[in-house]
Amino acid sequence: MKKTLAFMLSVLMLFALAACAPAKTEEVKKDVESAANEVKKDAENAASEVKEKVEEAVTEAKEMAESAKEKAADAAESVKDELTGEKKTVGLILSTLNNPFFVDLKSGVEDKAKEIGYELIVLDSQDDSAKELSNMEDLITKKVDIILINPTDSDAVGSAIAKANEAKIPVITLDRSAKEGEVVTHIASDNKAGGKLAGEFILDKLGGKGKVVELEGIPGASAAVERGEGFNEAIKGSELEVVAKQTANFDRAEGLSVMENILQANAEIDAVFAHNDEMALGALEAIKAAKREILVVGFDATDDALAAVSEGRMAATVQQLPKEIGAKGLEAAKAYFAGEKLDAFIPVDLKLVTK
């Protein structure tokens, strides 16, 4: 009897276990599927991250390869020139080196010449058109391959460029254009647009009315002419009155003396627009000495001017990029030697800098 009862209990337990097995198996199956999905999701995320990193690495490698390719091409050209005795010599004539803007322009040319492998001869015209003509003749005698010139005067430079044309030496003008003579291209900021930026800024700050002084650059220089045109176009039709307009020849000392005289002659002045920062900084000194509050706007964004804007002494300056102008001059020369066709005008960006 006991054996029969034990047997029956064993059978009942087997039936019970058989009934529970499917439920347990289903639960395990769900756990396995859930774990598998999580693993799959993690794998997909990891694959996506790896893909992004690979794409970034590929893009960076392409950029580095392109940069290396350009440098290798420049190096190869330099070596070729040295081996064939055809290394290019570039002449650079600057209107003056007594101005931070043109010192920066020179640095831009020098850096690019070093990178490309060109010889460079730099001459200073000292804001004298006669000296400029002499410098041109000197470079022609030296038989340079191309001449980059920043004219002292857009009219007077024509005779100097004509001499280079006669000698069949190509010429590129920088910052200031030439009214006569044949040039390969002209590289500069849009001076007229810069003058307009300054005019619009003063209009806004003065609420559309007031008395303004315009300090002009060297008479006949394209930069002075174009900046003045842009400024006067901006204020035309407004209630801004230009009470004085006088040249200070892009010079700080002259800016100081000219502004002193204008202050004595005008009891009411609300703003000054100077065609460059050197004159603006000179005007600031005169205004400070006279203990008057006058808004001053310059042009070029030299280091001294940027410091004056940051300190709140000067209201604004139109920023040019002289180093880029210089670098683009050498790039244009290189393109010319390669037989590429250049645009008549190659612009360089500018913007208004305020505090």
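**Rings, burial and a sheet**

Tutor: Start with the rings: a search of the whole structure, which is a predicted model, finds 4 aromatic pairs.

Student: Why is the pair of Tyr 118 and Phe 337 called edge-to-face?

Tutor: The ring centres of Tyr 118 and Phe 337 are 5.9 Å apart and the planes stand at 80°. Centres within 6.5 Å make a pair, and planes over 60 degrees apart count as edge-to-face, so the pair is edge-to-face. It links distant parts of the chain: Tyr 118 is in the loop between α2 and β2, Phe 337 is in helix α10, and they are 219 residues apart.

Student: Why does Tyr 118 count as buried?

Tutor: Tyr 118 has 7% relative accessibility. Buried means under 20%, so Tyr 118 counts as buried.

Student: Which label does Phe 337 get, and why?

Tutor: Phe 337 has 25% relative accessibility.

Student: What lies over the face of Phe 337?

Tutor: Lys 88 does, at 4.8 Å from the ring centre.

Student: What is the order of the strands in the open sheet?

Tutor: The 6 strands run β2-β1-β3-β4-β5-β11, with parallel pairing.

Student: What makes β2 and β11 edge strands?

Tutor: β2 and β11 each have a single partner strand, so one side of each is left without a neighbour in the sheet.

Student: How do you know that β5 and β11 pair?

Tutor: Two strands pair if there are at least two bridges between them. 4 bridges join β5 to β11, so the two strands pair.

Note on methods. Residues are numbered from 1 along each chain as its sequence is written. This is a predicted model: local features need pLDDT of at least 70, side-chain atom pairs count only at pLDDT 80 or more; totals for chains, interfaces and linings use all residues. Side-chain values use heavy atoms; hydrogens and water are left out. Rings of Phe, Tyr and Trp (its six-membered ring) pair if their centres lie within 6.5 Å; planes under 30 degrees apart count as stacked, over 60 as edge-to-face and the rest as tilted. Buried means under 20% relative accessible area, exposed over 50%, partly exposed in between (1.4 Å probe, protein chains only). A charge sits over a ring if NZ of Lys or CZ of Arg is within 6 Å of the ring centre and within 35 degrees of the ring normal.
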